[in-house]
Amino acid sequence: MRIISGKYKSRRIQVPANLKARPTTDFARESLFNVLNNTVDWEETTALDLFSGTGSVALELVSRGCPFVVCVEKNPNHYNFICKTQEMLGAKELFPIKADAFKYLQAVKQKFDLIFADPPYDLPELEKIPSLILEKDLLKEGGIFVMEHSQNHDFSHLPLFTKERKYGNVHFSFFEK
């Protein structure tokens, strides 16, 4: 896993073989951040990374200057890897939470400037995630929610949907408040 830009730019972090996560590819992550660079002021952005996996997106957010990034991961091995990586980098802006993303969404009261969700593509409840986030009103005014998914899903009918970007097999649906 490689951090693309910012204070940890070009840092390679070895992901242990025992992690079962499907990290967002470097190509897709770089493309996503190129799109976001045009609208996001990283130093002023509070972010939430749901289904964090290896933490690659959360670490990229911290590297680019986000002062507050919450990442939610329920798998203990993945959570521990994120915590070890956070410690290795000294990333005090990162706040890992070991929890089920759906339970976290039910309990959270805080609003964010940027929310990113990368659930397992075969997750039965995947279709419910955008509606949960939008109905709970977790985005600040002007905030952006990005949902990573496969080609088997279409979220264009939902409120606040603005666009979909495709990078190989990776699809990102964007919602803006």
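Predicted model: local features only at pLDDT ≥ 70, side-chain atom pairs only at ≥ 80, totals over all residues.
Residues are numbered from 1 along each chain as its sequence is written, and side-chain values use heavy atoms, with hydrogens and water left out.

Visitor: In what order do the seven strands of the open sheet stand?
Guide: Strands here are DSSP runs of E with at least two residues, helices are runs of H or I with at least four, and both are numbered from the N terminus. Two strands pair if DSSP finds at least two bridges between them. The pairing in this open sheet is mixed, and the order is β3-β2-β1-β4-β5-β7-β6.

Visitor: Which strands stand at the edges of the sheet?
Guide: An edge strand here has a single partner strand, so one side of each is left without a neighbour in the sheet. That applies to β3 (94-98) and β6 (161-167).

Visitor: What angle does the direction of helix α3 make with that of β3?
Guide: Helix α3 (residues 76-89) packs on the sheet and touches β2 and β3. Axes are lines fitted to C-alpha atoms, for helices over the stretch in contact, and angles run from 0 to 180 degrees between N-to-C directions. The angle with β3 is about 160°.

Visitor: With which side chain does the side chain of E127 make a polar contact?
Guide: E127 lies in the loop between β4 (112-117) and α5 (129-135). Not counting residues up to four places away in sequence, E127 touches H153 and F155, where contact means heavy atoms within 4.5 Å. A polar contact is a pair of N or O atoms within 3.5 Å; within protein, one must be able to donate a hydrogen and the other to accept it, and residues adjacent in sequence count only if both atoms are side-chain atoms. At 2.5 Å, the partner is the side chain of H153.

Visitor: Is R29 buried or exposed?
Guide: R29 lies in helix α1 (residues 26-37) and touches M1, R2, I3, I4, T24, S56, V57 and E60, not counting residues up to four places away in sequence. Buried means under 20% relative accessible area, exposed over 50%, and partly exposed in between (1.4 Å probe, protein chains only). With a relative accessible area of 1%, R29 is buried.
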